[in-house]
Amino acid sequence: VWNVEFVAEDLKINQVNSLKKIFKAGDLNANIFLTSSGDSINSILGSLDGSMALSSEHMEISSPLIGKLFAADQSDDLFVNCAVLNALIEKGVVTLDKRAALETSRFNMLLNGQIDLDNKQMDLSFIPQKKNSKGEKSEQVVSSISLVGPLNNPKPKVETKTLLNTP
């Protein structure tokens with residue numbers, strides 16, 4: 001059995017080598033507590049338990065996937081004023097709670113869903129809310145986008161039900 005505790009305050013995420021291609025700027029605060037056991041990567045991931053609380057401000061995200069999903073009409077960069085993610089992890093399944101959200105200059109977004117680390121599958125929903133001209137939240141949902149499938153090749157899916165219910 002092993003335990004991991006990771007706490008970061010004001011971590012410059014663009015200075016982390018593995019994140020440089022995704023994040024151009026931003027500060028990250030993180031509280032991650034994990035426990036697991038096993039003798040292989042799969043057994044460790046499948047028995048993973050714990051929690052994550054992440055928050056960030058003033059991020060600039062440069063990612064082809066993010067650009068295609070949310071910023072296709074402008075540059076591929078997405079400027080995030082604030083992002084918060086809370087997740088519980090039980091037996092290798094990461095579940096985002098209802099407090100996962102981000103705010104950009106163009107929209108607010110709620111996130112929910114699960115990532116199954118044992119079976120290497122994801123089912124995440126991104127529900128943007130368009131802001132009005134004053135930058136305040138508007139109740140109109142532009143569309144709901146999901147990323148579904150294997151972790152190494154998830155497919156974006158537009159939720160037509162949400163689109164049909166929008167005025």
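**Entry 1: Phe6**

I began with Phe6 and found it in strand E1, which covers residues 2-12. I kept in mind that this is a predicted model. Is Phe6 buried or exposed, or something in between? Its relative accessible area is 39%, so I noted Phe6 as partly exposed. Together with Val4 and Leu11, Phe6 makes a nonpolar surface patch of about 210 Å².

**Entry 2: the salt bridge**

Next I asked how many salt bridges a search of the whole structure finds. The search gave me one. Which side chains meet in it? They are those of Asp27 and Lys12, with 2.8 Å from N to O. I looked up where the partners sit: Lys12 belongs to strand E1 and Asp27 to strand E2 (residues 23-36), so the pair ties together parts that are 15 residues apart in sequence. Asp27 has a relative accessible area of 25%, which makes it partly exposed. Lys12 is partly exposed too, at 37% relative accessibility.

**Entry 3: Asn86**

I moved on to strand E4, residues 77-90, where I found Asn86. Is Asn86 buried or exposed? I wrote it down as buried, because its relative accessible area of 17% falls under the 20% cut-off. Then I wanted to know which residues Asn86 is in contact with, leaving aside neighbours within four places in sequence. My list for Asn86 has Met52 and Ala53, and also Thr95, Leu96, Asp97 and Arg99.

**Entry 4: Lys91**

I followed the chain to the loop between E4 and strand E5 (93-96), and there I looked at Lys91.

**Entry 5: Lys120**

My last stop was Lys120, and I asked where its place is. I found Lys120 in the loop between strand E7 (107-116) and strand E8 (121-131). Its phi is near 55°, again a positive value in a residue other than glycine. For accessibility I noted 37% relative accessible area, so Lys120 is partly exposed.

Terms used:
Residues numbered from 1 in each chain as written. Predicted model: local features only at pLDDT ≥ 70, side-chain atom pairs only at ≥ 80, totals over all residues. Heavy atoms only, no water. Helix = DSSP H or I, 4+ residues; strand = E, 2+ residues; numbered from the N terminus. Buried < 20%, exposed > 50% of the residue type's maximum accessible area, 1.4 Å probe, protein only. Contact = heavy atoms within 4.5 Å. Patch = residues over 30% accessible without salt bridge, like charges linked within 9 Å, V, L, I, M, F, W, Y side chains within 5 Å. Areas by Shrake-Rupley, 256 points an atom, 1.4 Å probe, with all protein chains shown as cover. Salt bridge = Lys/Arg side-chain N within 4 Å of Asp/Glu carboxyl O.
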